[in-house]
Structure formats: C-alpha cells, structure tokens
Amino acid sequence: MSSSSSGTDALALARNRILSSKLYFDVPPSKVPLIYSESYDISFLGIEKLHPFDSSKWGRICGFLVSFDVLDKKCIVEPLEASKDDLLVVHSESYLNSLKESSNVATIIEVPPVALFPNCLVQNKVLFPFRKQVGGTILAVKLAKERGWAINVGGGFHHCSAEKGGGFCAYADISLCIHFAFVRLNISRVMIIDLDAHQGNGHETDFADDSRVYILDMYNPGIYPWDYDARNYINQKVEVKSGTLTEEYLQKLDEALEVAARRFKPELVIYNAGTDILDGDPLGRLKISPDGIALRDEKVFRFAREKNIPIVMLTSGGYMKSSARVIADSIVNLSKKCLIETRGGPKA
Ligand SMILES: [Zn+2]
C-alpha cells in the first residue's frame, strides 16, 4: 500500500517537474530544427586529448555544414542546460549526488586523471557540456513534433540509465526526452532505433517492460557493455558481428525496419545515430563505409518521414577525427534527398 502510494507520488512529482521545466521554449520559424551550442564541446586543460573521443566533434559538424553553405549559423537553435529538477525526472538524487565525486565522473567518462580534479572544475568542463546536450535532446523532441524532424548535433548517451552512468554517458537524455514527450506532447508510443555500434543498455534498463516504448537495437555483441540483463528488454535485437561490411549491414537494416513497421506504430522515433560503426573505429569494430553511414541515415529518415512520424536524430558515439565530416556529409545527403529542410523559413 505504502509503496504504491509513494509510486503515485513519484509520478506526480516527475509530472510537475516536466510541466514546470524551461527546456521546452518556443522556437521561431526562421530557425532550423538543428540544435547545437558551442558549450557542447569539451576542452579540459588538454586532458581531452587523453580520451579517444574527438571532444570537439559537435562543433566541427556544424562548422562543416556552415562552410558547405547548407546551414546558416544564425538558424541553429541553442538549447538550455538541463537543470537539476529536469534531471530528477529520471535520475535519483543519490545518482546526481554521486557525480559530485570527481572519481565517479572519471569512471563514467573513462578518463582516469579526471579523478584528480576538483569537482567544480569537472562540473564546469565536463558535466555542464553534457547537461547542455541533454537540454538539446529534450528540445529536439518538441521541435520534431512541430516540424516533423529535428537533429540534436550532440546527445545520444545511451549507456546511462536512471541509476547508473558509464561508457562516456553521465545523463540519460534518451529516457528523459521520452518522459517529456509523454507528458508535454501527449505521445504514448515511441520507437527507439539505436544504430550506434554499442548496445543501448541505458534506455533498455529504464524502459524495461514499458509497452509504450519499442526498442530496435542493432549492435555488435562482442564489445562493451555486455549488458545481458538489459538485452532482455530489447524488442527487436539485430546483432552485427565485428568485421561486418556495409552491404550486409544495410541489408540487415532494411529487413529490421520492415519488421519494426509491422510490429509497432510509433508516434515518435528517437534515432540514435552513432557513427562508431565506421570502418576503422577501434571501439565499434564494424566496417561500414562513409557512404554506408549516409545510406543508413537516409533509410531511417525515410522510414519515419514517409509515415509522417516525427523523428529525432542524436549523434551519439563515433570516436574518430573523421566522424564529424561523415555526419556532416550525411546531413547534407538528407537535405539533398528532401528528407530534411536546412534552410530557415520566412524571417519573422
Ligand atoms: Zn557506441
């Protein structure tokens, strides 16, 4: 009895937090639903160079898009930082408190020297950029509902669940944005299409047995996170072994999307578009070509856009210097194929 009433209280509290959040703000039609802030990019006294991650990937993607003349810098949407109240919609107070220990953050982002820095520095240089990206993912869903699509140039922290971070993911932006959609957008059927090379154990844990969320996860089973519990909560599992080539990958994706379309009718698609499937990526260990990435993204956008389902793309993993260019090229391709429109509407 007491546990069910406290469950109801927790739900009401989360609902109030979502309703009073500032993250959903009005975006004028002159802007394009492409979300980025300069504060996404992490620079930390040069220590970011110790991590295999290109920690300025996000800014470089936008730089390419602007230099290719597909995007006007003024049309980019800058999100707000997710506040503590926003994060508490999914995370517990004790999890957020654990991030006040630099050593815990160091473990999550896999940069051991970060443990030696005072927490205020870790907050400003690492966690603040992540919280901005979380704000971007949440806003992207609102924009996708209005415009049909949105791209958060960051986000996609699919290894983080309510109670546990890991694999460079400190906040569960995917779980958060879906809870916001449930309450603010009256959406009750969400499909997560997770095509990062790694298994998305964070959202899988958070939406275990939640019939409102359908998870299609295509991942390499031979790499991190080896989360066998979370695998039980994947609705549609497509395993791609180390060394898989572009043609086989895309064929498996075609089949998977056909099956997904038959099984579930979503009102929103969250597309986790990690580029660590790229040939040469030391962590993903797959062999997908840059053109293969563009085709992959095109297939997923076509899947959603042809059915008029709002789609949010998150850039997620992708750890090589070449990733930013590959993502920018793919966004250009989406624009060429008229699956997105990167020119702003009439100026207000
Ligand atoms: Zn990954």
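## Helices α10 and α11

Helices α10 and α11 run roughly parallel to each other, because angles under 35 degrees count as such. Their axes, lines fitted to C-alpha atoms over the stretch in contact, come within 10 Å and cross at roughly 10 degrees. Helix α10 covers residues 246–263; helices here are DSSP runs (H or I, at least four residues) numbered from the N terminus.

On the α10 side, the contact (C-beta atoms, placed from the backbone, within 7 Å) is made by T246, Y249, L250, L253, D254, L257 and A261. G292, L295, R296, K299 and F303 come from α11.

## How to read the model

This is a predicted model, in which local features need pLDDT of at least 70 and side-chain atom pairs count only at pLDDT 80 or more, while totals for chains, interfaces and linings use all residues. Residues are numbered from 1 along each chain as its sequence is written.

## Helices α11 and α12

Now to the other partner of α11. The axes of α11 (residues 290–305) and α12 (residues 323–336) come within 9 Å and cross at roughly 45 degrees. P290, I293, A294, D297, E298 and F301 of α11 meet V326, D329, S330, N333 and L334 of α12.

## The nonpolar core

The largest nonpolar core has 103 residues. Such a core is a set of buried Ala, Val, Leu, Ile, Met, Phe, Trp, Tyr and Cys residues joined through C-beta atoms within 7 Å, buried meaning 20 or more other C-beta atoms within 10 Å of a residue's own. A170, I270, Y271 and V312 touch the most other members. Helix α6 (residues 119–147) gives this core its largest share, 11 residues.

Leaving aside neighbours within four places in sequence, I270 contacts I174, C177, I178, V190, I192 and V312.

How values were computed: Axes are lines fitted to C-alpha atoms, for helices over the stretch in contact, and angles run from 0 to 180 degrees between N-to-C directions. Helices (H or I, at least four residues) and strands (E, at least two) are DSSP runs, numbered from the N terminus. Two residues are in contact if their C-beta atoms, placed from the backbone, lie within 7 Å. A residue is buried if 20 or more other C-beta atoms lie within 10 Å of its own, exposed if 12 or fewer, and partly exposed in between; C-beta atoms are placed from the backbone. Angles under 35 degrees count as roughly parallel, over 145 as roughly antiparallel, 65 to 115 as roughly perpendicular and the rest as oblique.
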